[in-house]
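Here is a short briefing for a first look at this structure. Keep the sequence and the model in view while reading.

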Amino acid sequence: MSETVVSINHANIYQGNNLILQDVNFTVNKGEFVYLVGKTGTGKSSLLKTLYGELPLKEGTASVVDFDLREMTWKKVPFLRRNLGVVFQDFQLLTDRNVHENLKFVLKAIGWKDDQLIEEKIHDVLDKVGLKSKGFKMPFEMSGGEQQRVDIARALLNSPKLILADEPTGNLDPETSDEIMQLLIQISKDYGTAVIMATHDFIVINRYPSRMLSTEMGKVVDTGALAENQSVIG
Ligand SMILES: Nc1ncnc2c1ncn2[C@@H]1O[C@H](COP(=O)(O)OP(=O)(O)OP(=O)(O)O)[C@@H](O)[C@H]1O
């Protein structure tokens, strides 16, 4: 039986008092890879922000990795985030410390204390993103693709059931975008992690076709699973 990771029903998404998306309904299951597409300003980021607790859900219902978004308070948001991985376009790494220290900082912040477990976890996530030997590098010494891999490694620290990615290939050249897409798809297949990825990049979507949610005219349209991406990378 499939395991539901996101379930959103009759939700209205607001920015302040402005209604951005109306009557949003969809579910995402374990291991699914879903694109979120739509013209600029149509609400992709607003929807993702709602899913990771940055915007409050005022109308409708939603459950994200078993957290009820209507019950969300600022105190509970960090607990929701510990069960998610969030990946952004601009990497958001701490520039004054190396990759290893960036990852250690996050683990310490969420309460990890055992040095050996910390080292094992960092080794594990760097291995998963193909950067096993790059822990000593400073962010400015890395290419955009490598920095995005570190951002994905950071998202994996929580062993999340869901990764929310907002334009993760937006700053990358086509070849590097390909590598990041293959990595995200591989993660969703290997670890059963669901991925919702906002993108404008139709080159990427055409190369790695998958289910699409489209924001248009204040609604979210579910195009369903048009094709499997399995054949592309498999
Ligand atoms: N902090 C904010 N306060 C008020 N309105 C906002 C805020 N952020 C976004 N909006 C508005 O909400 C609407 C949706 O914006 P959003 O960023 O979600 O769209 P998007 O589809 O992600 O756009 P893009 O593709 O350019 O990132 C836009 O009209 C935008 O102006």
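**Around the ligand**

Helix α1 gives the largest share of the shell around the ligand, 3 residues. Helices (H or I, at least four residues) and strands (E, at least two) are DSSP runs, numbered from the N terminus. This is a predicted model: local features need pLDDT of at least 70, side-chain atom pairs count only at pLDDT 80 or more, and totals for chains, interfaces and linings use all residues. Residues are numbered from 1 along each chain as its sequence is written.

- At least two shell residues come from each of β2 (18–29) and α1 (44–51).
- The ligand has 13 residues around it, and Q15, T40, K44, S45 and S46 come nearest. A residue counts as near if its C-beta atom, placed from the backbone, lies within 6 Å of the molecule.
- The shell holds 11 polar residues, 1 nonpolar and 1 charged. Ala, Val, Leu, Ile, Met, Phe, Trp, Tyr, Cys and Pro count as nonpolar, Asp, Glu, Lys and Arg as charged, and the others, Gly among them, as polar.

- Strand β8 (residues 194–198) is mostly covered, with 5 of its 5 residues buried. Buried means that 20 or more other C-beta atoms lie within 10 Å of a residue's own; 12 or fewer means exposed, and in between is partly exposed, with C-beta atoms placed from the backbone.
- In a regular strand, side chains alternate between the two faces of the sheet.
- From β8, A194, I196 and A198 point one way, V195 and M197 point the other way, and all are buried.
- β8 pairs with strand β3 (residues 33–38) in the parallel sense, over 4 bridges. Two strands pair if DSSP finds at least two bridges between them.
- I196 in β8 stands opposite V34.
- Strand β7 (residues 162–166) also pairs with β8 in the parallel sense, over 5 bridges. The partner of D166 in β8 is A198.

**Helix α6**

- A right-handed β-α-β unit is made by β7, helix α6 (residues 174–191) and β8. Right-handed means that, with the strands pointing away from the viewer, the path from the first strand over the helix to the second runs clockwise.
- α6 has 18 residues and spans 26 Å from first C-alpha to last, close to the 26 Å expected at 1.5 Å a residue. The expected span is 1.5 Å times one less than the number of residues.
- Which residues of α6 are buried? They are S177, I180, M181, L184, I185, I187 and S188. These cover an arc of only 150° around the axis, which puts them on the same side of α6. The arc is that of the directions from the helix axis to the C-beta atoms.
- The face of α6 turned away from its buried side carries exposed E175 and D190.
- G192 follows α6 and has a positive phi, near 65°.

**The antiparallel sheet**

- An open sheet of 4 strands runs in the order β2-β1-β4-β5, with antiparallel pairing. β2 and β5 (67–68) stand at the edges with a single partner strand each, so one side of each has no neighbour in the sheet.
- Strand β4 (residues 59–64) and β5 run antiparallel, joined by 2 bridges. V64 stands opposite F67 in β5.
- V28 lies in strand β2. V28 counts as buried because it has 22 C-beta neighbours inside 10 Å.
- V28 and T4 are 24 residues apart in sequence, yet 5.9 Å apart in space, C-alpha to C-alpha.
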